[in-house]
Amino acid sequence: MAGLTSRKGSCRWVLRHQHKLKQIVRTCHLKVKEVFGLDDYRNYEPDSQETFKSSDLTTKLAEPDQLRLKPDVSDLKFGHIFTDHMLKIFYHQRLDGWQKPVIIPFENISLHPAAKVLHYAIELFEGMKAYRGQDGRIRIFRPDLNMNRMNSSALSSGLPTFYGEELIKCINRLVQVDQEWVPHQEGASLYIRPTLIGIDGTLGVVQSESALLYTILCPVGAYFSGQKEEGVSLLADPSYTRSWPGGCGDQKMGSNYGPTIRVQRQAALRGRQQVLWLYGPEQYLTEVGTMNIFILYTDDNGDKVLATPPLNGLILPGVTRQSIIDLAFQYKDIRVEEKLITMNDVINLRRRDRILEMFGTGTACIICPISTIDYLGDLIHIPTTEQTNPVFKKFRDELYAIQYGYKKHVWGRVIDD
Ligand SMILES: *Cc1c(COP(=O)(O)O)cnc(C)c1O
């Protein structure tokens, strides 16, 4: 009863202080800019009017004997099995830029041994999913955000930009061609991996005049089974850094991920499943593995706060992250804050038993609860999976309802529209 009253109370408090709260969030952003000396978060606008057109798309279907056996998705390893077709779009500066998009049978790609992608990692990628809805229709989730991010990464890599809507239409067509690969099983989906690489066969760290944009698809199983779930354990070691001010940690570029394998191995050797990436002497929490991080705690006034680090250049602007922020703004009993969180904050909150939940978010697992943090020899216990009605499950259910068409929502885009 007491809990209910205080929730109602805090709800009224939020309504009364709404404008002040918004101001706090803004001030917080300014502070972040001060701390890191950064400009506003990069804008995504492509720098040219050049694009390929989905109306030029042609399709060459695989021969019946080229079609592969569809796997049982119930015990499928992520990213091991691919579908029958792929999308390919070349860019050649000397041939007026973007060429016509083609869908062809899945094949190896052939590259000059000096191709820039192989030497200087001029590469970027995206990750999104197609879901078979309860109504049989296939949906993709907020693809416009992936397209913006892809163009932003392309600008950082000196690779050509394009109109996001045109690529979405080409990808929709590819998913339609391989639609039997979109799993029928509850919770399973088809992972979509758009990739853009610099393919000039010349050494020298200069902009690539030729590029290849391709997209491949792979079926993936359900990430959670509905049974009692255990959270992941993290290694938080301040001696490792994933991204830094003025760097490219906020871009989905291949060069950000190769160097994390060694650290991931360190975590595994200590029996931890993921790396909690910290930054700087203050030990700011930035991300967990390849996911954004959230913490839900009770503040000094007894109000519930859902916090995640702001997009200050160190953080990958996750589509799932943004969606959770958007959803949480509608929850009257939770205050959402994009703010810096230090390891000391976590320790102090934990000491006073204020942490309710911590979780990672990303397209691959959607939401992944956190149970322990191994920090300088101490094991910090996080009670995420012990809450009776955890907020992370509420978010997960809401996203699930949109992705699988139980709830009509603009975020779930039917691909045959
Ligand atoms: C892809 C990615 C995320 C999650 O982004 P989503 O758009 O939600 O899938 C978070 N952090 C890193 C480092 C990533 O590469």
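Which of the 14 residues around the ligand come nearest? They are Gly318, Val319, Thr320, Gly362 and Thr363, where a residue is near a molecule if its C-beta atom, placed from the backbone, lies within 6 Å of it. The structure is a predicted model, in which local features need pLDDT of at least 70, side-chain atom pairs count only at pLDDT 80 or more, and totals for chains, interfaces and linings use all residues. Residues are numbered from 1 along each chain as its sequence is written.

The protein contains nine helices and 19 strands; these are DSSP runs numbered from the N terminus, with helices (H or I) of at least four residues and strands (E) of at least two. Of its 417 residues, 39% count as buried. A residue is buried if 20 or more other C-beta atoms lie within 10 Å of its own, exposed if 12 or fewer, and partly exposed in between, with C-beta atoms placed from the backbone. Two residues are in contact if their C-beta atoms, placed in that way, lie within 7 Å. Among contacts between residues at least 6 apart in sequence, 74% join residues at least 24 apart.

Three elements each supply at least two residues of the shell around the ligand: strand 13 (291–298), helix 7 (319–328) and strand 16 (355–362). Helix 7 gives the largest share, three residues. By class, the shell has three nonpolar, eight polar and three charged residues. Here Ala, Val, Leu, Ile, Met, Phe, Trp, Tyr, Cys and Pro count as nonpolar, Asp, Glu, Lys and Arg as charged, and the others, Gly among them, as polar.

For Lys252, UniProt lists "modified residue: N6-(pyridoxal phosphate)lysine" in an unreviewed entry; such annotations may be inferred rather than shown by experiment. Lysine 252 is placed in the loop between strand 10 (232–236) and helix 6 (261–269). It counts as buried because it has 23 C-beta neighbours inside 10 Å. Leaving aside neighbours within four places in sequence, lysine 252 is in contact with Leu124, Phe125, Glu126, Arg149, Ser153 and Leu316.

Strand 9 (residues 210–220) is largely enclosed by the rest of the structure, because eight of its eleven residues are buried. Two strands pair if DSSP finds at least two bridges between them. Strand 9 pairs in the antiparallel sense with strand 2 (residues 85–92) over six bridges, and serine 210 in strand 9 is the bridge partner of histidine 92. Strand 9 also pairs in the antiparallel sense with strand 8 (residues 189–198), over ten bridges. Threonine 215 in strand 9 stands opposite proline 194.

Phenylalanine 141 lies in strand 7 (residues 138–141) and is buried, with 23 other C-beta atoms within 10 Å. Phenylalanine 141 and glutamine 403 are 262 residues apart in sequence, yet 6.4 Å apart in space, C-alpha to C-alpha. Not counting residues up to four places away in sequence, phenylalanine 141 touches Met128, Lys129, Gln403, Trp411 and Gly412.

In soluble globular proteins, nonpolar side chains tend to be buried together. A nonpolar core is a set of buried Ala, Val, Leu, Ile, Met, Phe, Trp, Tyr and Cys residues joined through C-beta atoms within 7 Å. The largest such core has 47 residues, and Leu234, Leu276, Phe294 and Ile295 have the most contacts inside it. Strand 13 gives the most to this core, with six residues. Another core, of 41 residues, lies apart from it and includes Trp98, Cys170, Val182 and Leu190.
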